[in-house]
Structure formats: C-alpha cells, structure tokens
Amino acid sequence: RQRAVRRGGGGGGGGGGGGGGRVPGVNGHFVPDPFVAPALAAKENAVELSGISRAHWEATWSDAEVRGAQAAHVVGTWGATGAIAEAPLLERGEGVYLYDRAGKQYLDWTSQAICTNLGYDVPAAVVEAVTAQLVKLPMVYGGLGVTEIRCRMAALLAELLPGDIEGFIFPSSGNEANEAAVRIARRYTGKHKILTQYRSYHGGSATTLAATGDFRRWFAEVGATGFVKMFNPTPFKFQWGEDEAAATATALAALEEQILLEGPNEIAAVMLESVVGAGGVLVAPEGYMQGVRALCDKYDILLVADEVMVGFGRTGKFWGFQHYPGVLPDLVTSAKGLSAAYLPLSVVGMRRPIKEFFETTPLGWGATYQAHPVALACAYECVKHVLDNDIVQHAAALQPVMEQEIAAIVAKHPSVRQGRALGLFGCLDLVDRHGHYVQPLQGPSPEPVLKFRQALAENGIYGLVRPPYIHCAPPLVINEHELRDGFARVDKALDVLDRELGLAPP
C-alpha cells in the first residue's frame, strides 16, 4: 500500500492531489515568459571639462549674466519658479538693511525667514572663530569623532535651558531637528502617534510636513503615518469660549477627549510650536500650555516644544516656552537664532531620562553634517554674543514700541483687523471689505494683495509676505528709530491696500 501511494501521488507537481501520473504541460514547473532586456536609449553622459566657461573664474558678472543664469538654471522651492523671476538681486547687507545691485535699500522686516537675528554686521568673534576652525579642523563626522566645540556648545546649552534638559544633538536645520525629535520620541516611548496642531509648521521633509498643520503638508503627507491633527486654541472660524478662561478649558477638554479616542498607549508625543510662527504669531491663551503639559504627564506622553523660530530671544525671553510658567518640555528643538543663520545648524535638547535611555540604546537618527565643527564654532560665538550684549532684554524692551505701532496701524487701516506682538515677534491680520481674511493662507493672492506686495517692495520692506498675515519680525539688533521707520514703510503700503480693497478713497 505504501508503494502504491508513492507511485500515485508522489510526482504530482506540488499541488492538486488526484491520482495518475504527471500530464505533460499540466502542473509542471512554472515556465515564465522569456526576459528580453529593453534597449537602452543612450544619452551622452560625458562632460568635457576643458569646455567649462571661463566666466566662472571672473570676479564679477553683469546683471544680465546673473539673470540669464537664473532663468536658465535656478529652480524655486515652495512657490513656482516664476515667482522669483524678478526677486531683488541682493549684493550686501549692513545692520538691519539689505542692498540690491542697484543700491536700493531694504529693511529686513522678517529677518528673512525669521532667522537673521543678529543682522548683517557679523560679530568679529564669529568671523574669527569660523576662520580658525576652518583652518584647524574643518570637518569631523560626529559618528566617528568628538570635537571640543561640540562639547562646549552642549555644555553652554545645558546651562541656558531650564530643568534637566541636558542632552543635545546638532542637526543642520530646523526641519532636521524636528524630524530627529519625532524619531527620538517614538524610539524612547515605543509608541507611534504624534499629535500636532492644524495651525503649525514643523519643516519641509516628508515626516515634518506630515507633522505640519498648514497647507504645505498637502505637498507630502501621503505615505507618512502616525500624525494626528488637533485644533489650536485659536481656530479660524469659531471660538472655544467667550473669554480666554472658557476657551482654554474647552480646548483642553477637547484635547483630552482626542487623546482618549486616539489611545494614550499609542501616542508618543504632542509637538507644539511654543508660539505659532508662520501661522500668525499665536500665543497660547493663559493656562493652555500648562494644561497640555498636565495632560501629557497624566497619560505618559512626551511634550515637544518646537522653538525653531522663537528660540534664542525672539519673543523677549530666551525660550518661547518660558512665557508659560511651570511648563518644561521633554524635548526642545531650535535653529535659526542659534547661529543667526550665518551657517546652517540646529539643536535637539532632551531631558535627562531620555539622554540616559540612549546611552545604551541607539538613537536611530544621524546625518553627515550633524555637529559640524565650523557651524558649531559660529553658533557658540553667536550665543555668547546674545548673552554679552543683552539681546534678549533688548527684544523685550522693544515690545511696547511694537504694541504701540501695531495699535496705530489697526486704528488707522480698515484692512487690518488686529495685531499681536511678543518681544520682536509681531503679526497683522489683513481683511477685505467684508471683514473676512483677505485671502486664504495658501493663496492665490487677489489683485489688491499683489498691489500691496508691490507697495511693500517699493517702500523698501523686504521679507516673508504671507497674507492674510503680515509678520513683523526684524533682526533683534534693530533700534527703536529703525523699528518705527519700518512700521512707517508698512503703513504707506497699507494705504495702497486700503484703496485697492475699496476701503479708502482712491
């Protein structure tokens, strides 16, 4: 009987059962279609180096040559490339001013991307430190070696940050810092979800754009997982309550409801901008941040403070979260003001338990330029310059001027609904004749706004213009006269907007 079973079922080609021998062409070894390699559409990939233009060795180019190279080869980023076709050709900077190749002066009204905190007169100590590091040791990969400047910078930040925030890594941008913070939170907690606000911006990578709440996340959120949006305590179209106390209580109750429904055991972190930056300089109402911290503690969730814009004195305190008494984040990210944007550098700071966890567990994030010694040398001297020259106190002292000037603009211009100011971080909300925002944040801009943009440029105002918001965030070294002059220039441009919107006589 055993011999019969072997004869009848042993050669059936793996499947199918049934008796009898193998039938030719049936249930045999699978035969694929023959592979035919596609023909290569060959393209020339050699470059004759002797043919490289000698213009690259010339000291200067004409405006026509520069614009020609721009039109032929330069690609824009967030917006369409055509949007920068006529952008100013900037040549030099001095103090808080920029100058184009024609000599026109522009007041840097938003510290470019809220980053040129020390303006354009680079402190001599910064130049000397960068030059010395370039000459002595221009590069060390942080995964292989350690430099003195890396350890010095970490030690200084440990003194500048409160509590037990004492472990640091040094990526190259705010985007990288936030991406690293997400990785750290997930690896430390073993949980995946990250809660972020709708009115927020956290960076331009796939991960940080998914964390972002504003329209830019639409470019890349498909494929990123685990990011859950929460409503800000300051929504666009409704109020949480009739006053700040009521709004705070309701917003926090809604957040706790969301935490419970998402699952506390699934949420690694809540990541918030300490002061919402690109979304309109929004300071959390009294008690809100304290409530978020308490909810994080209750449900064993990390709190990540995104200080990329506001860290290093922008708001009149060294750190934005210091405007909320009693709040100590678990992770802090910052960039921009760290090196005054002279060189690319950012930082992630972590509390002691997190640092100790990664003493024996791989952090799981890295980059070639992490802890770049030249960038660190620049940042080390920039931070000491901020301390030596009372830059943070200077920003705080100018807040009353910001408030006074913004109040005057709100009172004068029907196209401005309201304004906000914290240190040297301010914003105006622009509205149309019906009292609604003059445009969505994602655009496109209507004709009156285009005329307003033109008027700003004609009046020598340079910087980010993102209607319906107009940010007011000049370099922290600006003086009162220069600050008032900047508001006077904006005031003239708003006259144009009022007229174009039909809110003032032509």
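**Close-up views of a predicted model**

**View 1. Trp218 and its aromatic partner.** With a relative accessibility of 52%, Trp218 counts as exposed, a class that begins over 50% relative accessible area, whereas buried means under 20% and partly exposed lies in between (1.4 Å probe, protein chains only). The model is predicted, so local features are given only at pLDDT of at least 70 and side-chain atom pairs only at pLDDT 80 or more, while totals for chains, interfaces and linings use all residues. Residues are numbered from 1 along each chain as its sequence is written, and side-chain values rest on heavy atoms, with hydrogens and water left out. Rings of Phe, Tyr and Trp (its six-membered ring) are paired if their centres lie within 6.5 Å, and their planes count as stacked under 30 degrees, edge-to-face over 60 and tilted for the rest. This rule gives 15 aromatic pairs. Phe215, at 22% relative accessibility, is classed as partly exposed.

**View 2. The aromatic cluster that includes Phe231 and Phe238.** Phe231 and Phe238 make an edge-to-face pair, their ring centres 6.1 Å apart and their planes at 75° to each other. Together with Tyr198 and Trp240, Phe231 and Phe238 form one aromatic cluster.

**View 3. The contact of helix α8 with helix α9.** Helices (H or I, at least four residues) and strands (E, at least two) are DSSP runs, numbered from the N terminus. The axes of α8 (residues 244-262) and α9 (residues 288-298) come within 10 Å and cross at roughly 25°, the axes being lines fitted to C-alpha atoms over the stretch in contact, with angles from 0 to 180 degrees between N-to-C directions. The two helices are therefore roughly parallel to each other, a description used for angles under 35 degrees, with over 145 counted as roughly antiparallel, 65 to 115 as roughly perpendicular and the rest as oblique. On the α8 side, the contact is made by Thr248, Ala251, Leu252, Leu255, Glu256 and Ile259, which meet Tyr288, Gly291, Val292, Leu295 and Lys298 of α9; contact means heavy atoms within 4.5 Å. Of the residues in this contact of α8 with α9, 7 are nonpolar, 2 polar and 2 charged, where Ala, Val, Leu, Ile, Met, Phe, Trp, Tyr, Cys and Pro count as nonpolar, Asp, Glu, Lys and Arg as charged, and the others, Gly among them, as polar.

**View 4. Backbone details at Ile114, Ala340 and Pro468.** Most residues other than glycine have a negative phi, and most peptide bonds are trans. Ile114, although not a glycine, has a positive phi of about 55°; Ile114 is found in helix α3 (residues 111-114) and, at 1% relative accessibility, counts as buried. Ala340 is likewise not a glycine and has a positive phi of about 55°, but its place is in the loop between β11 (331-334) and β12 (347-351), where a relative accessibility of 1% puts Ala340 in the buried class. Pro467 and Pro468 are joined by a cis peptide bond with omega about 15°, and Pro468 lies in the loop between β15 (461-462) and β16 (469-472).
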